[in-house]
Amino acid sequence: MSKNNSNQPSAEKFKSKIGGQALIEGIMMLGPNTGAMACRLPDGTIDLETWEENNGKNAPWYKKTPLVRGCTSFVISLVKGYKYMMKSAEKQLTEEEKSEMEKDGKGSEGSSYDIFMYIGILVGVLMAVGLFVFLPKILVGFIPDIKEHRIIRSALEGIVKIALFVAYMALVSLMKDIRRQYMYHGAEHKTIACHEAELPLTVENVRKQTRFHKRCGTSFIFLVLLVSIFVMCFVPFTETWQRIICSLILLPLVVGISYEFIRLAGNNDNLLTRILSAPGLAMQRITTREPDDSMIEIAIAAMKPCIPADKTEDKW
């Protein structure tokens, strides 16, 4: 593994629309017109899948309308990310294991797979809601006389949420498989940084880039937590169950505002945007790791098909 200074800033010349996600022994990239998934197979070769995307100039209204685009992008990313995560896991199976899955109707093209995929997404969302919406409000609700201090209560709920989030990400990073995923996450960021620096996509060039990126999903989630604190300060209800219901109702608004903030932070470099970006960038010290060269090769393979011929379509 290379031992580079991961804080080294890239010489960014433009901000790309291309984003990605670390998978199991692979990376997914989504460009304006093309999506791609590259995975390292057990035999050492690189498997590449591509598909059409519609995130460019002709994207539907719900991908371009402020506030609305944040919610739709979040849902689409959640579903697509889980789908390709499962596909990347399947690519690590032996032929015998794949045959067994197909017999049981659980292959990636079967209807059973779709059912399991949506059940998995639902379970994941319910767990996240329980951990980051229900639990903080329930815990803070036990504090005596907290009902009389709405703003203090909102701040404490937010602090508990953030503490739970950081603790969860730090704990899962101790798992070997998750550490490897975080390394692929680092490879994804470094490759996007190389592309934005307008350097040739080579392992050597990518290796020199920073693994921290302002428009990362980790930064987005952290912004959601921070914005939720601010929004909940305006909720007049004091009962715990009332505040839980309000949090769920207001979640689309919180996600929409957070998305606009991360776009603002991604497009500008000033004191305000640096403050907005700082917590997410700090979290990336946990959720990214320096990749090895084989992981960088995967990121490059996933990135190349997503770069549009017309550079104007690639501007964030």
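Mentor: Keep in mind that this is a predicted model. Start with the kink.

Trainee: Where in helix 8 does the kink lie?

Mentor: For a bend, you compare the axis of the stretch ending at a residue with the axis of the stretch starting there. Here the kink is at Leu 250, shortly before the proline Pro 252, and comes to about 50°.

Trainee: How many residues does helix 8 have, and how far does helix 8 reach?

Mentor: Helix 8 covers residues 240-267, which is 28 residues. From first C-alpha to last, helix 8 reaches 38 Å, close to the 40 Å expected at 1.5 Å a residue.

Trainee: Now packing. At what angle do helix 1 and helix 8 pack?

Mentor: About 100°, with the axes 7 Å apart; helix 1 is residues 68-90. Angles of 65 to 115 degrees count as roughly perpendicular, so helix 1 is roughly perpendicular to helix 8. Pro 252 turns up again here: helix 8 makes the contact with Pro 252, Val 255, Gly 256, Tyr 259, Glu 260 and Arg 263. Helix 1 brings Arg 69, Gly 70, Cys 71, Ser 73 and Phe 74. The residues of this contact split into 5 nonpolar, 3 polar and 3 charged.

Trainee: And how do helix 8 and helix 9 cross?

Mentor: Their axes come within 9 Å and cross at roughly 120°, helix 9 being residues 271-287. That makes helix 8 oblique to helix 9. The crossing is left-handed. Phe 261, Leu 264 and Ala 265 of helix 8 meet Leu 272, Thr 273, Leu 276 and Ser 277 of helix 9.

Methods
Residues are numbered from 1 along each chain as its sequence is written. This is a predicted model: local features need pLDDT of at least 70, side-chain atom pairs count only at pLDDT 80 or more; totals for chains, interfaces and linings use all residues. Side-chain values use heavy atoms; hydrogens and water are left out. Helices (H or I, at least four residues) and strands (E, at least two) are DSSP runs, numbered from the N terminus. The expected span of a helix is 1.5 Å times one less than its number of residues. The bend at a residue is the angle between axes fitted to the seven residues ending there and the seven starting there. Axes are lines fitted to C-alpha atoms, for helices over the stretch in contact, and angles run from 0 to 180 degrees between N-to-C directions. Angles under 35 degrees count as roughly parallel, over 145 as roughly antiparallel, 65 to 115 as roughly perpendicular and the rest as oblique. A crossing is left-handed if the near helix is turned anticlockwise from the far one by less than a right angle, and right-handed if clockwise. Contact means heavy atoms within 4.5 Å. Ala, Val, Leu, Ile, Met, Phe, Trp, Tyr, Cys and Pro count as nonpolar, Asp, Glu, Lys and Arg as charged, and the others, Gly among them, as polar.
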